[in-house]
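Please look at the sequence and the structure together, and keep the definitions at hand while reading.

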Amino acid sequence: MPSDPHAAPQSGTEHEPLLGRPGDVSQGRTDPILKNLITGTAPLAQAGGLILTALVFGGVFTHKLLIPFSLHPLLNAFAVLVGIQAVLIPQPTHTAAQKRIGARVHAAFWATALMAFVGALSAVEVHKKRAGLGHFESWHAILGVAIYALLVLQAAVGATMYFFPAVYGGVDNAKSLYKYHRITGYTILSLLLVNVVLATRTYYGGTILGIKTWATVLGAVLVVAGVTPRIKKQKVRLWTSSS
Ligand code: HEM
């Protein structure tokens, strides 16, 4: 049977370079959406995310648990891992049906991550209030608050532009925001990774838990190495319209 030149490239075939070219990983027509979590360079990102989670969970659970403060690192590490899944899921989608499912699963992952982020923020704020500690006293704290603000904005715009495009005057207007949403999304993920690294420079993260900065840098670099080659350039190009 002659091959269809318009058929979506099958992911994970011999035609796909080991480390991938930018955006070359596409979901095969019959591939399940969850396969997007492991195709192309995604395993690098998964390894990085698991390293970060293991470092934080390992550090917290091998030391005295502080209630509620220990929930701060635990929930944040969990949320970052879920956020990585949220970013990986829609990257290889290209047909209308795949994009529709991808967007919904993406939203569900971020909704889960957001709940964990809210819990993590509450844990540190309750702890600071009880202990009479000040705010914004480290780069980790300053960047953390900025990230939470960006996340709320990003989630609000993301959900409305997709589920309620009328807010922006129609589907076309809403779709013109997608590329900005993608760029902000990659920026937020990068900032989250930086903040996990900065957490190792706090007294608790670095000295009490003993989490090594270099190990978190390694995890963060793997996440970036896994996510970046899967970015389809045309989806983030600022000077063309894309959906
Ligand atoms: C990327 C995920 C994370 C984000 C977004 C984040 C965010 C924040 C924020 C916003 C604060 C300060 C709140 C305030 O000043 O009122 C804070 C404090 C703190 N966080 Fe995180 N955090 C993250 C991960 C972690 C991890 C993994 C650890 C430990 C290993 C940690 C340890 C701390 C400590 C010890 C404080 C209190 C000291 C300080 O304010 O600098 N955080 N975090």
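The questions and answers below set computed values against the definitions of the terms used.

Q: How do you know which confidence cut-offs apply to this model, and how are its residues numbered?
A: This is a predicted model, in which local features need pLDDT of at least 70, side-chain atom pairs count only at pLDDT 80 or more, and totals for chains, interfaces and linings use all residues. Residues are numbered from 1 along each chain as its sequence is written.

Q: What is the mean pLDDT of the protein?
A: On the scale of pLDDT, the predictor's confidence in each residue from 0 to 100, the mean of the protein is 91, and 88% of its residues reach 70 or more. Over residues 1-17, however, the pLDDT is below 50, and beyond near neighbours in sequence this stretch has 23 contacts in the model, a contact being two residues whose C-beta atoms, placed from the backbone, lie within 7 Å.

Q: Why is H1 called roughly antiparallel to H2?
A: Helix H1 (residues 42-61) and H2 pack at an angle of about 175°, with their axes 9 Å apart. Angles under 35 degrees count as roughly parallel, over 145 as roughly antiparallel, 65 to 115 as roughly perpendicular and the rest as oblique, and the angle of this pair therefore makes H1 roughly antiparallel to H2. The axes are lines fitted to C-alpha atoms, for helices over the stretch in contact, with angles running from 0 to 180 degrees between N-to-C directions, and the helices themselves are DSSP runs (H or I, at least four residues), numbered from the N terminus.

Q: What makes up the contact of H1 with H2, by class?
A: Residues of H1 including Ala42, Gly49 and Phe57 meet residues of H2 including Pro73, Phe78 and Leu88. By class, this contact has 14 nonpolar, two polar and no charged residues, where Ala, Val, Leu, Ile, Met, Phe, Trp, Tyr, Cys and Pro count as nonpolar, Asp, Glu, Lys and Arg as charged, and the others, Gly among them, as polar.

Q: What is known of the loop between H1 and H2, where Pro68 is found?
A: Pro68 is found in that loop, and a cis peptide bond joins Ile67 and Pro68, with omega at about 10°.

Q: How do H2 and H6 run relative to each other, and why?
A: The axes of H2 and H6 come within 11 Å and cross at roughly 150°, so H2 is roughly antiparallel to H6. The contact is made by Pro73, Val80, Gly83 and Val87 of H2 and Gly185, Leu189, Leu192, Val196 and Ala199 of H6, which divide into seven nonpolar, two polar and no charged residues.

Q: Why are H4 and H6 called roughly antiparallel?
A: Their axes come within 10 Å and cross at roughly 155°, and H4 and H6 are therefore roughly antiparallel to each other. Among the residues in contact are Trp139, Leu143 and Gly144 in H4 and His181, Ile188 and Ala199 in H6, and the contact as a whole divides into 13 nonpolar, eight polar and no charged residues.

Q: Which residues come nearest to the ligand?
A: Ser138, Ala141, Gly144, Ala199 and Gly205 come nearest, of the 29 residues around the ligand, a residue being counted if its C-beta atom, placed from the backbone, lies within 6 Å. The largest share of the shell, six residues, comes from H4, and the shell divides into 17 nonpolar, nine polar and three charged residues.

Notes. Helix = DSSP H or I, 4+ residues; strand = E, 2+ residues; numbered from the N terminus.
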